[in-house]
Amino acid sequence: MSPRIVKIVVTGPFASGKTTFIKSLSEIVPVVTDVGLKNTFEKTVKKFTTVALDYGRIKVGDDLVVHLFGTPGQFRFSFMWKILARGMHGYILLVDSSRPENVDEAVYVYNFFRQIGDVPHIIAANKQDIEGCLTPEIIRMMMKIPPSTPVVPLIATDPESVRKVLITLVKHMITWYSSRQEAKVRGKYVL
Ligand SMILES: Nc1nc2c(ncn2[C@@H]2O[C@H](COP(=O)(O)OP(=O)(O)OP(=O)(O)O)[C@@H](O)[C@H]2O)c(=O)[nH]1
Ligand SMILES: [Mg+2]
């Protein structure tokens, strides 16, 4: 049997850790489009930013190939969000838990993605290695995330942590798609 191919988008606000996430997870050399930042304020956070996309790939088990697409975080590149989201099966929204102002920016990105369509997703509270960071529970409250959507801890620099988050999304997607399939069979839901 040929493997199933799944498209997952990694999104989130500026500097939430999307490129790091894909670099930590990909089994191929990732495609990265980071360029030097010019704005002095943003440069206090980091030196480079994604201007188009990140791309990576990983095999999960024997029969699942996951294609990962990272979005740019800066709003001036938000025209790429819709392009990258086309045909996605699921997405992960990253939040920088060490910067509370990043949570407000994450709400903006989240609203944008939710209006694209009803697609299974999880929220990852990144940078959990930084002392004093917000917990996933606090981020859930601040962003008003419903109990049915997982909010999980993440350290994007740690490949083990990144893998765990991917598996959480894959499991969530399986439950999400099976429940809709079941409802469709019962005539309750039309995909
Ligand atoms: N301490 C810590 N730093 C992290 C973690 N994840 C990412 N970073 C750092 O956070 C900064 C931003 O990471 P990126 O991966 O460039 O973030 P991004 O979301 O791709 O940023 P844009 O594409 O510009 O929106 C970099 O300096 C990373 O090294 C983490 O889990 N812990
Ligand atoms: Mg990036």
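Helices (H or I, at least four residues) and strands (E, at least two) are DSSP runs, numbered from the N terminus. Two strands pair when DSSP finds at least two bridges between them. In the turn from E3 to E4, these terms are put to work: the two strands form a hairpin with three residues between them. Gly61 sits in that turn and has a positive phi of about 65 degrees.

This is a predicted model, in which local features need pLDDT of at least 70 and side-chain atom pairs count only at pLDDT 80 or more, while totals for chains, interfaces and linings use all residues. Residues are numbered from 1 along each chain as its sequence is written, and chains are lettered from A and ligands numbered from 1 in the order in which they are written.

Start with the whole protein. It has six helices and seven strands. From the N terminus on, the elements run β-α-β-α-β-β-α-β-α-β-α-β-α. The C-alpha trace spans about 55 × 35 × 30 Å along its principal axes. The radius of gyration, taken over C-alpha atoms, can be compared with a globule rule of 2.2 Å times the number of residues to the power 0.38. For 191 residues, a compact globule would have a value near 16 Å; the protein has 16 Å, so the two agree.

Now the sheet. Strands of a sheet pair through backbone hydrogen bonds, either parallel or antiparallel. Here seven strands make an open sheet in the order E2-E3-E4-E1-E5-E6-E7, with mixed pairing. Strand E2 (31–36) and strand E7 (151–153) stand at the edges. Each has a single partner strand, so one side of each is left without a neighbour in the sheet. Neighbouring strands are turned by 20 degrees against each other on average, direction ignored. Such angles are taken between axes, which are lines fitted to C-alpha atoms (for helices over the stretch in contact), and they run from 0 to 180 degrees between N-to-C directions.

Walk across the pairs. E3 and E4 pair in the antiparallel sense over seven bridges. Val60 stands opposite Leu64 in E4. E1 and E4 pair in the parallel sense, over seven bridges. Val9 has Phe69 of E4 as its bridge partner, and Val10 has Gly70 of E4. E1 also pairs with E5 in the parallel sense, over four bridges. There, Thr11 stands opposite Leu93 in E5. Strand E6 (residues 121–126) pairs with E7 in the parallel sense over three bridges. Ile123 stands opposite Val151 in E7.

Helices lie across these strands. Helix H1 (residues 18–25) lies across strand E1 (4–11), E2, strand E3 (48–60), strand E4 (64–70) and strand E5 (90–96). H1 runs at about 30 degrees to E3. Helix H5 (residues 136–143) lies across E5, E6 and E7, running at about 150 degrees to E7.

H1 also meets another helix. Two packed helices are described by the angle between their axes and the distance between the axes. The axes of H1 and helix H6 (residues 159–185) come within 9 Å and cross at roughly 95 degrees. That makes H1 roughly perpendicular to H6 (angles under 35 degrees count as roughly parallel, over 145 as roughly antiparallel, 65 to 115 as roughly perpendicular and the rest as oblique). Phe21, Ser24 and Leu25 of H1 make the contact with Pro159, Val162, Arg163 and Leu166 of H6. Residues are in contact if their C-beta atoms, placed from the backbone, lie within 7 Å. These contact residues divide into five nonpolar, one polar and one charged. Ala, Val, Leu, Ile, Met, Phe, Trp, Tyr, Cys and Pro count as nonpolar, Asp, Glu, Lys and Arg as charged, and the others, Gly among them, as polar.

Key. Two residues are in contact if their C-beta atoms, placed from the backbone, lie within 7 Å.
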